[in-house]
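Let's take a friendly walk through one protein model together. Have a look at the sequence and the structure first, and then read on.

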Amino acid sequence: MAACCALPQATHDARAAYAESGMLAAAQDYEHGGMQLPYVIEAAANAFFGKASISIGSNLLTVGNANLLMVHGTELQKQVFAANEFNGRWAGTMCLSEPQAGSSLSDITTRATLEDQDDPLGPRYRLRGNKMWISSGEHELTENIVHLVLAKIPGPDGKLIPGVKGISLFIVPKKLVDTEGNLTGVRNDVALAGLNHKLGWRGTTNTLLNFGEGQFKVDGEAEPWATSSASRTRACAACST
Ligand SMILES: Cc1cc2nc3c(=O)[nH]c(=O)nc-3n(C[C@H](O)[C@H](O)[C@H](O)COP(=O)(O)OP(=O)(O)OC[C@H]3O[C@@H](n4cnc5c(N)ncnc54)[C@H](O)[C@@H]3O)c2cc1C
């Protein structure tokens, strides 16, 4: 990865201190490493952190990502992905917008093709498409990044279905993992295509990500591996930024 994603040391220090404080899991139950705080207390506390540092603010995407998996994910997806986001090991994103689709998410064209229905982490798909404006889409603050990606599963004729029908949500780790949450050593085909520079934002990244362009080959295939979350409803689109 190019050095274009190098963030200030202060961002690394602040992120590490925030994760160490346990705030990523503050509203989770004790058994999930949380403090069992009411959500409203967590949200109020995070308002201060978010105002103090925009790079901490982008960590809240990680919490939103993991919260979504706690509601819609399988038990294994919660253990492998959500737990490692709450404990600070991995970060998370929300990949909804595309260059041609912002508010109108029914216009997304990222497509998902089923590859293995029986993968223990959830039915496995190959994704191809572009996601724009993705906050914290690439960085080296954490060992891995868990992208939650909206994509369409084509209809029987191979064409994308117009409107919101066929939209599903996919878990796309930047680096592939096994069922124990270990990195397999294979880089998934999620490529940084560009950085969006925003006035005053120095402590975090905003990115254009290409899925399945072939920069990183996975099992000889160009498209990235993705596993669907248990719920394939468009309710997941409520997690828009
Ligand atoms: C700082 C920043 C970070 C972001 N991070 C992420 C991220 O992490 N992940 C992600 O997926 N996206 C992200 N986005 C993208 C963001 O979700 C989109 O910008 C947003 O969905 C709006 O889409 P758009 O910019 O294409 O505007 P448009 O959809 O083109 O909207 C333009 C204007 O038209 C209005 N409008 C649109 N549709 C209608 C309608 N039907 N009726 C009336 N008015 C309408 C809107 O209110 C707006 O004023 C980010 C954007 C910013 C600025």
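Strand E1 (90-95) and strand E3 (124-135) each contribute at least two residues to the shell around the ligand. Keep in mind as you explore that this is a predicted model. In total, 13 residues surround the ligand, and the closest are Leu96, Gly102, Ser103, Trp133 and Ser135. What classes of residue make up the shell around the ligand? There are 5 nonpolar and 8 polar residues, and no charged ones.

Now turn to a pair of helices. Helix H3 (residues 54-72) and helix H4 (residues 75-86) have axes that come within 9 Å and cross at roughly 155°. Angles over 145 degrees count as roughly antiparallel, so H3 is roughly antiparallel to H4. The crossing of these two helices, H3 and H4, is left-handed. The table shows which residues make the contact.

| Helix | Residues in the contact |
|---|---|
| H3 | Thr62, Asn65, Ala66, Leu69, Met70 |
| H4 | Gln77, Lys78, Phe81, Ala82, Glu85, Phe86 |

Sorted by class, the contact of H3 with H4 has 6 nonpolar, 3 polar and 2 charged residues.

Finally, find Asp119, in the loop between strand E2 (111-116) and E3. Is Asp119 buried, exposed or partly exposed? Asp119 has 14 other C-beta atoms within 10 Å, so Asp119 is partly exposed; a buried residue would need 20 or more, and an exposed one 12 or fewer. Asp119 and Thr179 are 60 residues apart along the chain, and their C-alpha atoms are separated by 9.8 Å.

Methods:
Residues numbered from 1 in each chain as written. Predicted model: local features only at pLDDT ≥ 70, side-chain atom pairs only at ≥ 80, totals over all residues. Axes fitted to C-alpha atoms, helices over the stretch in contact; angles between N-to-C directions. Helix = DSSP H or I, 4+ residues; strand = E, 2+ residues; numbered from the N terminus. Parallel < 35°, antiparallel > 145°, perpendicular 65-115°, else oblique. Left-handed = near helix turned anticlockwise from the far one by under 90°. Contact = placed C-beta atoms within 7 Å. Nonpolar A, V, L, I, M, F, W, Y, C, P; charged D, E, K, R; others polar. Near = placed C-beta within 6 Å.
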